[in-house]
Amino acid sequence: MLHKNPAQSMIALFGLLVCMASATQAQQAAPKLPNVTILATGGTIAGSGATSTTTVGYTAATVGVQRLIAAVPELAKVANVSGEQTFQIASENMTNEHWLTLAKRVNVLLAQSNVDGIVITHGTDTLEETAYFLNLVVKSRKPVVLVGAMRPSTAISADGPINLYNSVMLAASPEAVGKGVLVAMNDQIQSARDVTKVNTSTLDSFRTPELGLLGYIQGGKPFFYRQQMRKHTTESEFDIGALQALPQVDIVYGYANVGPVAVDALMAAGAKGIIHAGVGDGSLAARVKPALVAARAKGAVVVRASRVGQGILARNGEANDDELDFVVADTLSAQKARILLMLALTKTGSTKEIQRMFYTY
């Protein structure tokens with residue numbers, strides 16, 4: 001057996017120590033990745049079609065969360081990602097009970113020190129509603145990001161993978177802390193309060209037409225240019241921790257020749273609140289106004305909103321809200337006004353207090 005001389009042994013040992021020290025320094029220098037949990041609820045992002053060109057007529061909610069994660073291996077570069085299959089539904093089937101279950105799970109996870117952010121995959125049809133509900137009841141400054149897709153996972157140019165990557169990156173970023181619940185789609189960052197789906201099928205379907213998006217995602221980084229000024233998350237007065245159900249609130253749509261039938265039917269079905277999505281500035285047609293007045297007299301809270309989709313609903317504008325004891329929706333769409341009224345009714349029946357909430361959130 002050949003033996004190295006002492007000098008050679010010392011050189012070899014020195015080289016080994018240098019290599020070990022370099023490896024240790026590299027490990028210490030490597031940034032610790034944030035921990036992001038993906039809560040999957042179904043939707044188009046988890047959908048599949050008959051062919052690679054099927055972008056309509058596909059089946060939503062067929063792909064599980066682990067497959068979604070595995071399809072985007074680049075996620076491992078921006079966060080330590082784990083996944084839970086919370087629901088597996090098309091989002092038109094989202095219910096109040098689903099919302100309560102989801103929100104409670106989000107709050108439990110965000111209270112843990114080993115969770116830095118949450119991503120929720122969701123169908124696009126009611127994504128804006130779930131986002132706003134969470135914006136009002138999440139009790140953490142940690143990022144919560146909702147994401148969906150306009151094309152199923154099997155499509156040639158599916159938008160789900162890049163949307164998912166961007167949402168995880170956003171949920172892992174310090175810049176998103178304290179910004180409220182966010183929606184990340186089409187390389188854009190939108191606020192849960194103001195975003196809405198404006199197109200049935202195009203990739204840029206989620207927009208905030210007048211008030212504007214919050215920022216962009218480019219080169220794997222978020223760029224914020226404004227922030228949501230209304231109160232949200234940790235500043236919210238709403239607590240769903242002990243709630244098992246939400247009050248029944250329904251929407252009545254305004255149109256030419258509208259009558260009292262819908263209002264009367266909803267009241268007979270037990271509505272505690274009515275959102276009237278009126279024409280223009282929430283105008284009350286002569287044939288529907290008496291039914292809304294009667295609903296208020298029976299104890300239901302009536303909120304005037306607009307079917308227009310943009311602008312402030314003027315109090316005492318198209319109706320004498322003070323005299324009628326109605327509430328106005330401010331800039332909220334009818335579907336988001338419904339969410340705020342449900343939560344408001346868990347705390348109070350006072351229209352003055354509820355109006356304050358509509359100007360606060």
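The model is predicted, so to speak of local features we need pLDDT of at least 70, side-chain atom pairs count only at pLDDT 80 or more, and totals for chains, interfaces and linings use all residues. Residues are numbered from 1 along each chain as its sequence is written, and side-chain values use heavy atoms, with hydrogens and water left out.

Let's start with the sheet. Eight strands make an open sheet with mixed pairing, in the order 2-1-3-4-5-6-9-10. Strands here are DSSP runs of E, at least two residues, and helices are runs of H or I, at least four, numbered from the N terminus; two strands pair if DSSP finds at least two bridges between them. At the edges sit strand 2 (80-89) and strand 10 (221-224), each pairing on one side only.

Which residue in strand 9 is the bridge partner of Ile189? That is Gly215. Strand 6 (residues 188-191) and strand 9 (residues 215-218) pair in the antiparallel sense.

Now the helices. Helix 3 (residues 96-110) lies across strands 1, 2, 3 and 4, and helix 5 (residues 160-171) lies across strands 1, 2, 3, 4, 5, 6, 9 and 10. Contact means heavy atoms within 4.5 Å.

Finally, the lining of the largest pocket. Helix 9 gives the most to this lining, with three residues. By class, the lining has 10 nonpolar, nine polar and seven charged residues; Ala, Val, Leu, Ile, Met, Phe, Trp, Tyr, Cys and Pro count as nonpolar, Asp, Glu, Lys and Arg as charged, and the others, Gly among them, as polar.

Key. Axes fitted to C-alpha atoms, helices over the stretch in contact; angles between N-to-C directions.
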